[in-house]
Structures are given as C-alpha cells and as structure tokens.
Amino acid sequence: MIDTRQNYDDLFSVYWPIMLGVLVVIWVLTIVFVIRYRAGADRPLRRASESKLEYVYAGSLACVAVALLVITFNAMSDDPADSHPATLAGAKLPAGAQPVRIKTTAAKWKWRFDYPDYGIAQTAVGRAPARLVVPAGVPVQFEQTSIDVIHAFWIPEMRFKKDAFPGRVHRFVLEFPKPGILSGGKCAEYCGLDHSYMTFTVRVMEPGEFRAWAEANRGKRQ
Amino acid sequence: MTTRTASAPRRRTGPIEAFAGTDHKRIGLAAGGVGFAFFLLAGLLAMLMRAELAGPGMQVVSENTYNQVFTIHGSTMFYLFATPASLAIGIYLVPLQIGATGIQWPRAALTGVWMLIAGGLIMWGGFLTSSGAAAGGWTAFDPLSDTPSSPGPGMDYWIIGVVLSAVAATVWAWCLLATIVRRRTPGMTLLRMPLLSWGVLVACLMVVASFPALILAMVLLYIDRHLGGVFNPPDGALAYQHLFWFYGHPVVYVVFFPWVGAVAETVATFSGTRFFGYRLTVLSLLAFAALSMSVWGHHMFTEDAVANRYFSLTSTALLVPAGIEYFGLLGTMFRGRIRLAAPMLFALGFVLLFLIGGLTGIFVGSPELDYHVHDSYFIVAHFHYTLFGGTVFGMFAAIYLWFPKVTGRLLGETLARWHFALMFVGALLAFVPMFFLGHEGMPRRVANYTDPGNWETLNIVASIGGYVIFVSIVLFLVNVFRSLRTGRPAGPDPWQGQTLEWAAPSPPPRGNFTGPLPPVRSYAPLLDLREEAAAR
C-alpha cells in the first residue's frame, strides 16, 4: 500500500517538469522573437493564418490534456485516502492489518481526536494544540466532521487535505509511512478570528508502541 | 478637425458631465476610473497585509483587522475593480471599434456606474462600524458568513455592495451585447470584429449566464442572516458554494478575456502585422467561455461533494483553448516587425507572467495535486499570476495603448519603462515565494504563522516584491498626471493602429467619427488601407 505522500510525489514528478518545460520554452521563444524580429530589417512578413498547422497544434494540445488526465485518474484510483467504500471495507488492507479508527471533530479554533476503540479523547489544552497520535504502517480510518463552520484537516507532510463540514461526515484513510514527529497539521479553510492558530501536532509511533500508548491512556479524556 | 487633433485640446469636463453624461466614452471612463480608484485602495490593503506577514507574530494589525483587510482586499479587487474595469474598457472602446456612435441603453449603463459607486462605498463603509468590515473572505462561505459567526452590519454591507456591483456588471453586459448585436457598422461582420471586442463579447456572455447565480446567493444569504432557514445543515453550506462558484469561476475569465483581446491587438499592432490565427482564436475564446461554465466544482475537490473526475476533465481541457491563444500571440510576433513601445512591454509581461498562472492552473486542476495545495499559499501565488500577471498587466497594456486615444496625449515613455521594469520584477518577487510557502504548508488567509525555517525569508522577499509593485504604480500615477498636462500630442493614430477607433480623432468627439468610416473588409481595416496604399 502506498501512502498519500508517495502518490502525490509520483504525480508531481510528471506534472512539474512538464509545467517548467513549457514555461521555459515559451519564455525563451518570446525573448528570441523580440530580439530576432525587431523592426528595422526588411523581412517578408508571415501570413496571417496557417490553418493546417493551427489545427495540428490544437490536436496535439488535446493529446497533452488527455495524457495528463489519464495519469491523474490513475493516481486517483490509487489514492489510499479515497473514501471509496471498498477502501473502508478493507479491500486495500494488507493481510492481518487492523485499521485504527479516529473521529476528527473541528470547532472554532481547535481540533479534537477521538479513538472510539480505546475511549480516548485528545483535545487542545489551554494554548497547547490537540495531539494526533497514530501508528506507522497501519491504515488509519478517519471520520471527520465540524460542529460550527467549515474547516479543513491538512497535514502538509502527508500531502493530504479534507474539509470538515457541519452536519456531514467525511471518511478517509491515511497510512503514515514511518514513526516520528511530523511538522504538524493545521486548518486550511479560513474559519474566522483565530484561523491562524488552529493547529494540531502529529506523532507517528511504531504499531507496538501505539498499542501500548492506547492501552495506557484507555478511557482518558483530555 | 485636423487642427483640433494636432493641438490635442483638453476640453474641460465638469463633474456633472463626467458622471452624468450619456456618451458611452464618459460612462466607460467613469466606470473604469471608479474601478481603478478601488484598485489603488485594495492595493493599499495588500501593502498592509505584506507588512503584517513580513515576519511571524503580530506586529501591525490585530487578527480581527487582518481578516477584514484580506476580505476587503479580495472583494474590492474582484467586485469593485476587476469586473467593472473589464467591462468599462468595452463600454469605451467597443462602439468605436465596431463603428457605432454610442452604446445601446446608455442611461441603464450610467445607472450601473452609480450602483458601482454606491456598492463600493457601502462595502467599505463597514470599516466605520464598531464591529468592523466583513471578515468572511471574498467568498463569504456559509456558515462562516451567517449571523452567529459574523454578527454585525459589516457582513450585511458587504452583501449589499456585492449585489449592487453584480447588478451593475449585468446591466453593462446586456448593454454591450445589444450594442454588438444591433449597432455594428455595415461590413463589420462578427468575424471582422477586433479581438478586444470579441473578448468583451465573450466576457459579457459569461456575465449574463453566471452573475445571476451570485445575485441569488447574496439575496439568499441576506435572508438567511435575518430570517434564517435557507442554508441549513447538512447540505446548505454546499448549496451556497455551488451557487457561489457557478459565478466564481466564470468571473475569473470575465476579468481576463477583455485583456486577452487588448493584448492580442497590442501584439499585432507592435508586430506591424495582423493577428495570427484570428478565426481559431475567436473559436477558442468561445470554447473557453463555454467550458468555463462547467469547471466550478474544481474549487470543491477537497469536500467529498462533487464528481472530482468530471471537474478535473473540464478544467484540464481548458489548456486547449488557452494554448491556442498563446499560439496566436507568439505566431503574431514570429517574423513580425516588433517595436518595443510601452504597450508592447506590458503585453509581453502579460504573456510571460500569465503563463505561470495558467500552467499552475493545469497543476491544480488535478485533484490529487490539489488535495495538498488547495487553500494554501500555492493557490494565492497561482491566482495572482492570473489576476495580476494577466488582468493587471493586460490592463496597463491597454491603458498605454489607448491613453492617447482617450486624452489626445501620449504617456511618457521613460517613466513607462521604469513602471514596467519595476512591476515585472515586483510581480516575480512578490508571488514566486508564495509557491514555495504554500507547498511547504502555509495556509492562505492566515494573519500569523510560526516559522519552520525559511518562511520568514520567503515572506520578506514577497513583501519587498509587493512594495516594488507599489513604487511602480506611483510612477505610473506621476506619469499620468504629467502627461495629461505636457504629454506629446498623439494625433488620431500614434501607433499605426489596425482597428476603427484609430480613424476617429483623439479624443473622439460625441458621436465618435467625424468623417466617413474606412471600408471594413477584415478584422484590421486600417491595416488594409495602409497595405492598399503601399501596393498602389
């Protein structure tokens, strides 16, 4: 199973060079034309239309669009976070892997992470943001909602974002590749006064360490 | 008549005539002038934001003020500047370009100017209330914009301002469409219309098709705020976004196409040749407009609420008409006779800078990539290259090109070059760092951030870029005020123009043309005349 970051990076590595390549070609062409075709020299002017060339060009643009769409659609099919029912039913889970469930609740201007299997609730305490603790290498199923306005759950290092709407539940699956402390998560959808401060920390543990943490904190609500 | 144009007289215009005359040129200038004034005001708000963001922590304004500032910056730029300016250029120039003596329904168009002024003053009036101006972003998503989350009159004023400006734009669009349909001079078929007029026509089609959705959304939001019961959970917030983005995506092309047309004419004029691939470019403008009505869902990729593949398909397909337009622009320069006067410099700036916005637009049209960069500074960078690199550079190309037509005097070339050089460098400094900030995880619309390493440096560079742009705009204003008094007299056609407005005196009198119009046998009738004279 690949993670969202890998999926993003694979697609990025195709799109970005194409964008940069086209950018460089058109910048160079523009500058070359300006230098080469400055007024003064008596050159024959080109015709106002080359219809065959134009249509060949338009056709090749369409081919580029189709190619980009094919790789984007493939990446979407591979997206482990995709909330497709098959994913949630465990179709993409490796044998024996038990998914971890987390309920994410967004509110002005805090996050709350509930672990229903362990009775744990992690919320912001004072000025300290809520802590998201997850195991590495195991699918984590999120069920996300908001209790007031629209927010968005974003972990930049995972290259993943999902909005949280009041009255709606968004489901997605993330797999964190390796243990460690990520640079954190934040609200990406503008949500009013303290939007800038609506962050959370992300700690990824070894699966065994995570189980120990969850058992030790069973029933704890903070 | 020739003596009048040679001495470039400035007929004194009283304030009543400037804002209550029914000549289409007066209406266009008033609409464009009001729009430009709001551009300057919104630019000052941007300077305030760049001051605050230059370092982590809160230094200049409070979070609450910052939220009002970015809301009014974006709202002013879209509702009070970009849309009115993009239609104002049509109100001034379309009748001249199609050989008409005026605009259809001038009193309705004049009413639009007053609605824009009233709407702008009401929206900005929010700053005078005790709870401040609206702070819901230019999109004012429900439920953030409902009464519990946004109490106070600022949000109501904002809604009224948006409705007034949107109704004004809709009125202008109908006036312009009627003018194009009914008042073209004999010989001026649709496929002989100059590209600026085509850009305006296509923009007007999108206005009449999409702005009603905005007006409806605003009316419903107002009702929801005062009576409740409209945008209820679970799906009310989504319904609002569908209505809003059904307007909100086409509008970015409304504020773009007229300037594509202006840049196309600038490039053709200063390449000494007619535009390359005119027919296919017109076709691509129409295809662009049609497609643009089907892409709104790409603003909602992260919401689990729309068919992401469908909206990715329509959004990516836009690269075909956009690529055709670039082909036409570069093809026109290829083997042309290029003169690098001020309008051409800004047109080249448009070509180079809009490209960055266009290419990153294809990038964010892929949902998998958008899941990361959506609502981050990457998006802020992307749309500033489309709106600043595109709309604003295109607008300055148009201003430098048509200023002599409007005033009878040329703008100073030296200051113009400084204006261009600083604005171009400023646009790169200000917005390129934002791509990196967004990709590294800086959300948009934040008043504050903690620096994980290089964000302060990137933000300082962006702020410096912003102030460089500010200086360039000051130089432009100095240039305008100097040139209005002492600029070189332009005569009717200072640039070897190709379209009918250059056959009229500068400035054109009421009724526009003083002699018989040249015959219209192509989309470049004045170029035809010169070529015939050379062949003889």
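The legends below describe a predicted model.

Figure 1. Among contacts in chain B between residues at least 6 apart in sequence, 84% link residues at least 24 apart.

**Figure 2. Chain A and its two assigned domains.** Four helices and eleven strands make up the secondary structure of chain A. The domain assignment places domain 1 at residues 4–78 and domain 2 at residues 88–216. The centres of domain 1 and domain 2 of chain A, taken over C-alpha atoms, are separated by 40 Å. The C-alpha trace of chain A spans about 85 × 45 × 35 Å along its principal axes. Its radius of gyration is 25 Å, whereas a compact globule of 222 residues would have a value near 17 Å. Buried residues account for 32% of the 222 residues in chain A. For contacts in chain A with a separation of 6 or more, 69% involve residues 24 or more positions apart.

**Figure 3. The contact between chain B and chain A.** Chain B contributes 70 residues to the contact and chain A contributes 64 residues. On the side of chain B that touches chain A, the elements giving two or more residues are α4 (63–97), α11 (278–292), α12 (308–317), α13 (319–333), α14 (342–364) and α15 (367–373) of chain B. The largest share of this side, nine residues, is supplied by α14(B). By class, the side of chain B that touches chain A holds 37 nonpolar, 20 polar and 13 charged residues.

**Figure 4. The largest nonpolar core and the surroundings of W172(B).** The largest nonpolar core contains 237 residues. Those with the most contacts inside it are I91(B), W172(B), L176(B), F346(B), A397(B) and Y400(B). The core also draws at least three residues from each of domain 1 (4–78) and domain 2 (88–216) of chain A. Leaving aside residues up to four places away in sequence, W172(B) touches L87(B), I91(B), A109(B) and G112(B). In soluble globular proteins, nonpolar side chains tend to be buried together.

**Figure 5. Helix α6 of chain B.** Helix α6 of chain B runs over residues 153–182, and its end C-alpha atoms are 43 Å apart. This agrees with the 44 Å that its 30 residues should span at 1.5 Å a residue. The helix is mostly covered, with 22 of the 30 residues of α6(B) buried.

**Figure 6. Helix α8 of chain B and its cover.** The 13 residues of helix α8 (residues 236–248) of chain B should span 18 Å at 1.5 Å a residue, and the end C-alpha atoms are 18 Å apart, in agreement. Helix α8(B) is mostly covered, as ten of its 13 residues are buried. The buried residues of α8(B) are G236(B), A237(B), L238(B), Y240(B), Q241(B), L243(B), F244(B), W245(B), F246(B) and Y247(B). The elements that cover them include α7 (195–226) and α9 (250–254) of chain B.

Notes:
Residues numbered from 1 in each chain as written. Chains lettered and ligands numbered in written order. Predicted model: local features only at pLDDT ≥ 70, side-chain atom pairs only at ≥ 80, totals over all residues. Domains from an automatic or database assignment. Contact = placed C-beta atoms within 7 Å. Nonpolar A, V, L, I, M, F, W, Y, C, P; charged D, E, K, R; others polar. Core = buried A, V, L, I, M, F, W, Y, C linked by C-beta atoms within 7 Å. Buried ≥ 20, exposed ≤ 12 C-beta atoms within 10 Å, placed from the backbone. Expected span 1.5 Å × (residues − 1). Rg over C-alpha atoms; globule rule 2.2 N^0.38 Å.
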